[in-house]
Protein chains: 2
Amino acid sequence: MAADNTRTAIITAAERLYAERGFADVTMRDIVAAADVNLAAVNYHFGSKDELIAELFVTRSLATNRERLRELKAAEEAGDGRADINAIFAALVGPTLRGCLGPEKQRSDAARFMIRASIESVAPIRKIKNREVDHLKRFAAAMRRSLPDQDPADIFWALHFALAMAHQTIRDSERLTRMSDGLCDLNDVQAITDRVVAVAVMALTGKPAKAPLKEPAKAKARA
Amino acid sequence: MAADNTRTAIITAAERLYAERGFADVTMRDIVAAADVNLAAVNYHFGSKDELIAELFVTRSLATNRERLRELKAAEEAGDGRADINAIFAALVGPTLRGCLGPEKQRSDAARFMIRASIESVAPIRKIKNREVDHLKRFAAAMRRSLPDQDPADIFWALHFALAMAHQTIRDSERLTRMSDGLCDLNDVQAITDRVVAVAVMALTGKPAKAPLKEPAKAKARA
DNA sequence: GATAGTTTCATACACGCGTTTGAAAAGCAA
DNA sequence: TTGCTTTTCAAACGCGTGTATGAAACTATC
């Protein structure tokens, strides 16, 4: 596989640098220096910087979705077509959380790269992102099969909130640590996943007060 | 107040442009063109581009915090020092949600600027952001007074999740709309606020299943 | 109305960026 | 080897950026 060595060297270096420092702060000169190749190599092999980013994103996006769907499928098969709602949420947020927050050693540049991509919204990625919606719709459909009586809008909101909690936890883990003076343990990824999943499920199904389903009580939020 | 007209013109234009297009895509030449002043005016009045951004952020940060704390204080006074937990969360996420998602007319550049600042994490802002932690700690303290028996870690997690849900809803409202085929109504800000607050409160207090408090059940998330 | 201080302006500077170029090097088939 | 293609390399190009300069215009005080 020494066929295109510089190509893979660029991909590896770029993904790592982007994952670590974000798109804005990484120049092509940084990348080629890290990959130990010539400056012109990026343009030769990928055409342009944007095309390199796009290729990175497409590749990783497919891989992430594949992993999510694999977990989802397993959950659905375990439930004869109706997966446990907990398992669905876990399939949605688990892979990313593990890749970004796990112990240093098993953290993947891939997962962290994807988080960067979802945060910084750089031009070449923005155009591709549309497919993500289709991917999420498959999770929404699974949730509908799991809980057929649930209000569809609530399903989308819960899915949205689940991703929100997972993403923010990854992105702002430092703030949470500082805010809680270290009380919130960010090393136990399984516990974090469980917590996010539990809240998402509660957001969807658990109505501790019997608030109306379609119209969250207006009076409640006011003092 | 025609004293320093160009100064305020720059501030207004910069805030609007940054709110609309983000920091990365707005150059000084864009700003001075929108403000209809000379290019050198920014450096003359603010010193540098970074100092302009920093001043914008500090000003707006103080204003936002002031509004949040005003609502918090009102809630605490209404409850004789122990605010309703719903009101606390509403004070935390309400101002920003209203400023960013409300009807076009009452959307504020200020709120959207702050969201940009929280998303893009540009250098001059990153250094100042530490104070935000202190601000959030005041909310955590209020929540502790409101629910003295609650596990402190759970309080921080719920606060973290509340902000996550609010922020993501603002940032990715388009994806939610597309994913739900318009089923999720993003125009009713009050309903959104109520929903975020309700989920945050549930995350904190509502344990529909009697999951152990300190250690979310491991088995639960697996199929 | 002359003077000193403040603000505006057109212009230029230095720098870093992504990209291009053209020649040298390496790979490979005959 | 020879001839052709693919890949690497050093160097430079064009462009847009934030910033600096020095003169002109304005403002206010005497």
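A polar side-chain atom of N43(A) lies 3.3 Å from a phosphate oxygen of DNA strand C. This is a predicted model, in which local features need pLDDT of at least 70, side-chain atom pairs count only at pLDDT 80 or more, and totals for chains, interfaces and linings use all residues. Residues are numbered from 1 along each chain as its sequence is written, chains are lettered from A and ligands numbered from 1 in the order in which they are written, and side-chain values use heavy atoms, without hydrogens and water.

Me: What makes the pair formed by K49(A) and a phosphate oxygen of DNA strand C a polar contact?
Reply: A polar contact is a pair of N or O atoms within 3.5 Å. An N or O atom in the side chain of K49(A) is 2.7 Å from the phosphate oxygen, so the pair meets the definition.

Me: How do you know that T27(A) is near DNA strand C?
Reply: A residue is near a strand if one of its heavy atoms lies within 4 Å of it. T27(A) is among the closest of the 14 residues that surround DNA strand C.

Me: Which helix gives the largest share of the surface near DNA strand C?
Reply: That share, three residues, comes from α3(B). Helices are DSSP runs (H or I, at least four residues), numbered from the N terminus.

Me: Why is R98(B) called partly exposed?
Reply: Buried means under 20% relative accessible area and exposed over 50%, with partly exposed in between (1.4 Å probe, protein chains only). R98(B) has 25% relative accessibility, and therefore counts as partly exposed.

Key: Polar contact = N/O pair within 3.5 Å; in protein donor to acceptor, adjacent residues only side chain to side chain. Helix = DSSP H or I, 4+ residues; strand = E, 2+ residues; numbered from the N terminus.
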